[in-house]
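Have a look at the fold below before reading on. The notes that follow go from the overall picture down to the cores.

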Amino acid sequence: MRERWARYPDDTGDSDGGEGALPEASVMEALLSTCYQASLLREEERPVIFRMIFASPEEFPEGDGPPEGLHRLEFDKPRPFDEHELRRLSPAADFDRSLIGVSHDDDGDLKVWGVVHSGPRWLRGVQGGREPSAPLPPVPVVEVEGPGRLQVRKGSVSIAELEAGRLGDSYTDVFASWWLPEMFAPVRAELVELHEEARREAASVEEPWAPLDHDLSRKVAQQMFRRLVSTVRDARHGGTIIIVPPERADEVLAGRRVSLKHAFVDGEPRRRFRTLIVRIMNRLAQSHGRGEEAAYPRAVGWEEYVWSEDRELAELDEAIFEFAHLVAGLAAVDGAVVMTRRFELLGFGGEISGELEPVQTVRNALDLEGESTIEEGTQGVGTRHRSAYRLAGSLPDVLLVVISQDGDARFVRDKDGAVTCWDQA
């Protein structure tokens, strides 16, 4: 933590220590050690999971609260800071919605002073969504996620983790890589062209539209896919999602390499996600091109989409996430869900051919771009993973997301002639 703290910016983009500077080493050691000991306990046979924030109550203004603020609830008498107190408080401080507040008391001892209620919007970074969450102050936050599993944040920004006895910078977020959006770049270009056609039609009837940031489609698609992966994870039934280039759609539907038990009829309903994204792009440009905003100072994009109160945009946003839940439901059936890179739904119940060449080893990526990897055998994984490896070894342009029943998610593709996988946060 001490090595990385200053290098990581907080929610505002500031990497300065400032008021978010770390406490002295002995205090930080006590915080981490106590949280680690608490993680090994159980509370009425439940695992002890919680979030702890090291900040004084005054950091959280009175009158604030979710969804856009932080609700401070201070005990009339501070509680001792030890692993058993954290164990007892963990059910009351729900991991998804609250943090346990810790600071020094008047004598300089560590004490639990209360609870900070944040609401669940902070999970949007993993689960997808456009609603902004209340930023945490740039202070130490320790997330206890299971026995011996700790993640440390500077406010809301992850800077270090302890997992299975190993230290790491932070959890891997595949969506932050360069290779993943690059794979979908041709599809985004198609969406931009569809938007430009609609823009030209609007101009022909003298309807002003604001300039649009063409990166909006990437961010909307990313949020949908986050929600899809998150929903399958939360259901704890596992699933496989296969994404192929559009030009391979006919090959898949013909049953080569993947046999679809339930294929969908070609038509607009199969391409609904593409339709929704173009409608969002068009509506955002249209709604910001009216009245005094006709001369909008910059291209409208994700920020305007997040804060927009336009009812039509809100309904389109809800439709995007309903699509994610639809696909997640299809993944509950035995077999894979098959889509194109346009997120066109080809079908579900897909069975990957057992006649494909088996893959004996895969490369497990240690960084976002897969430049550093370790080789691991495939004998210790289940049928779902081995079949995904076979398909990735057979089709170099396919992307698979394999989600285990325990919630682990793994992205699989061919990279430089070898099957490579990334474990998603």
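How much accessible surface does the protein chain have, and what share of that surface belongs to carbon and sulfur atoms? In this predicted model, the accessible surface comes to about 20,400 Å², and carbon and sulfur atoms hold 47% of that area.

The protein chain carries 11 helices and 19 strands. Its C-alpha trace spans about 70 × 65 × 35 Å along the principal axes. The radius of gyration is 24 Å, which agrees with the value near 22 Å for a compact globule because that is what 425 residues would give. Buried residues make up 51% of the 425. Of the contacts with a separation of 6 or more, 65% join residues 24 or more positions apart.

As for charge, there are 51 positive and 77 negative side chains, and the centres of these two sets sit 5 Å apart.

| Core | Residues in the core | Some members |
|---|---|---|
| Largest nonpolar core | 53 residues | including Leu216, Met224, Phe225, Leu228, Phe343 and Phe411 |
| Second, separate core | 28 residues | including Val27, Phe54, Val102 and Leu150 |

Phe225 is worth a click: leaving out residues up to four places away in sequence, Phe225 touches Phe175, Ile243, Phe343, Val401 and Phe411.

Conventions. Residues numbered from 1 in each chain as written. Predicted model: local features only at pLDDT ≥ 70, side-chain atom pairs only at ≥ 80, totals over all residues. Heavy atoms only, no water. Helix = DSSP H or I, 4+ residues; strand = E, 2+ residues; numbered from the N terminus. Rg over C-alpha atoms; globule rule 2.2 N^0.38 Å. Buried < 20%, exposed > 50% of the residue type's maximum accessible area, 1.4 Å probe, protein only. Contact = heavy atoms within 4.5 Å. Areas by Shrake-Rupley, 256 points an atom, 1.4 Å probe, with all protein chains shown as cover. Lys, Arg positive; Asp, Glu negative; His and termini not counted. Charge placed at Lys NZ, Arg CZ, Asp CG, Glu CD. Core = buried A, V, L, I, M, F, W, Y, C linked by side-chain atoms within 4.5 Å.
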